[in-house]
Amino acid sequence: MKATVYVTLKNGIADPQGLAVRNALDSMGFDGVKRVRIGKIIEIELEDGCLDETKVEEMCRSLLANTVMEDFTFEMSGEKR
Amino acid sequence: MVFPGSNCDLDAYHAVIEAGEEASYVWHMEKSLEGFDAVILPGGFSYGDYLRCGAIARFSPIMASVREMAESGRPVLGICNGFQILTEAGLLPGVLLRNRDLKFICKNVFLRVESTASPFTKALESRSVLKIPVAHGDGNYFVDGETLWSLEENGQVIFRYCSADGEVAPQFNPNGSVSNIAGVSNARGNVLGMMPHPERVCEEITGGTDGLLLFKSMISFLKGGMAGELVNS
């Protein structure tokens, strides 16, 4: 079993890295890039039957994301939550 | 406190000695802070800044005792990475984001003392200006508007980035921190987090002694000293 966690910056939180990448794409000639936001994907392999969605959510809240500045979503075994 | 990846622990130790008190190193795997009057979480790169700065260190075994110390009202100072650990632990509000200009900034800055309600500024003069270096890549302090309002209202903003003569303006803000904030305390005032490094300016040979005032103030607080007593010394 696998959990895939997506951590993204909350709306309204400045992302200077995303801005730098946007500007780089722009200077490379990729017109029309409005905004770039950089986040993280965390892949967690789980032993079957040990951890359910509630536990994965707890992992996200307590460690994987800082909910002051980040949002998270996750999928279990490829199923979008 | 010493976490794996701390690199300002020796400086912090010597700052306390220089200020005239005893100090000991405590490894993060320890569980007790019994016998200590105050704790300093030093700068560095605990756990290599993996995941987020301070995110893993805050689960170190010693952190339960740091929390107890904070709740008991004794002085807790987080410098740079120590500040990041305290925000991750929820002992201070807000977060430290990547610097506005993405660069690691290492230079002297000026700080204005905004509040003398913390043990670390109690003996200083309100609105005085200190010259202290910063050295960080993730020091862009952020809180939402509502929290910022309550910090201002409660006098929890302790230091702001300013000019040499104490003017607070955007051009003196090195990293994009909201409202030029360089240091904040908890509501009670005993827990302080700051991005600049006072421990690096405690002897003339390292470029100044303004940082020593914070450690002297903390010691004065612990000994029941008078507010403002370092002003004319």
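Predicted model: local features only at pLDDT ≥ 70, side-chain atom pairs only at ≥ 80, totals over all residues.
**Strand E9 of chain B, and the A–B contact**

Met194(B), in strand E9(B), is the bridge partner of Ile79(B).

Ile79(B) belongs to strand E2 of chain B, residues 76-79, which pairs with E9(B) in the parallel sense over four bridges. What stands opposite Met194(B) on the strand E8 side? That is Gly183(B). Strand E8 of chain B covers residues 181-185 and runs antiparallel to E9(B), joined to it by three bridges. The hairpin of E8(B) and E9(B) has five residues between the strands, and in this hairpin Gly189(B) takes a positive phi near 95°.

Now the side chains. In a regular strand they alternate between the two faces of the sheet. In E9(B), residues 191-194, Val191(B) and Gly193(B) point one way, while Leu192(B) and Met194(B) point the other way. Are these residues buried or exposed? All are buried.

Next, the interface. Chain A contributes 14 residues to the contact and chain B contributes 15. About 1200 Å² is buried between the two chains, with carbon and sulfur atoms giving 69% of that area.

As for charges, there is one salt bridge between chain A and chain B. It joins Glu70(A) and Arg52(B), with 3.7 Å between the closest N and O atoms. Five residue pairs are in polar contact across the interface.

On the chain A side, the elements giving two or more residues are helix H1 (16-27), strand E2 (40-45) and helix H2 (53-64). By class, that side has nine nonpolar, three polar and two charged residues.

Key
Residues numbered from 1 in each chain as written. Chains lettered and ligands numbered in written order. Heavy atoms only, no water. Contact = heavy atoms within 4.5 Å. Buried area = accessible area lost by both parts, 1.4 Å probe. Salt bridge = Lys/Arg side-chain N within 4 Å of Asp/Glu carboxyl O. Polar contact = N/O pair within 3.5 Å; in protein donor to acceptor, adjacent residues only side chain to side chain. Nonpolar A, V, L, I, M, F, W, Y, C, P; charged D, E, K, R; others polar. Buried < 20%, exposed > 50% of the residue type's maximum accessible area, 1.4 Å probe, protein only. Pairing = 2+ DSSP bridges.
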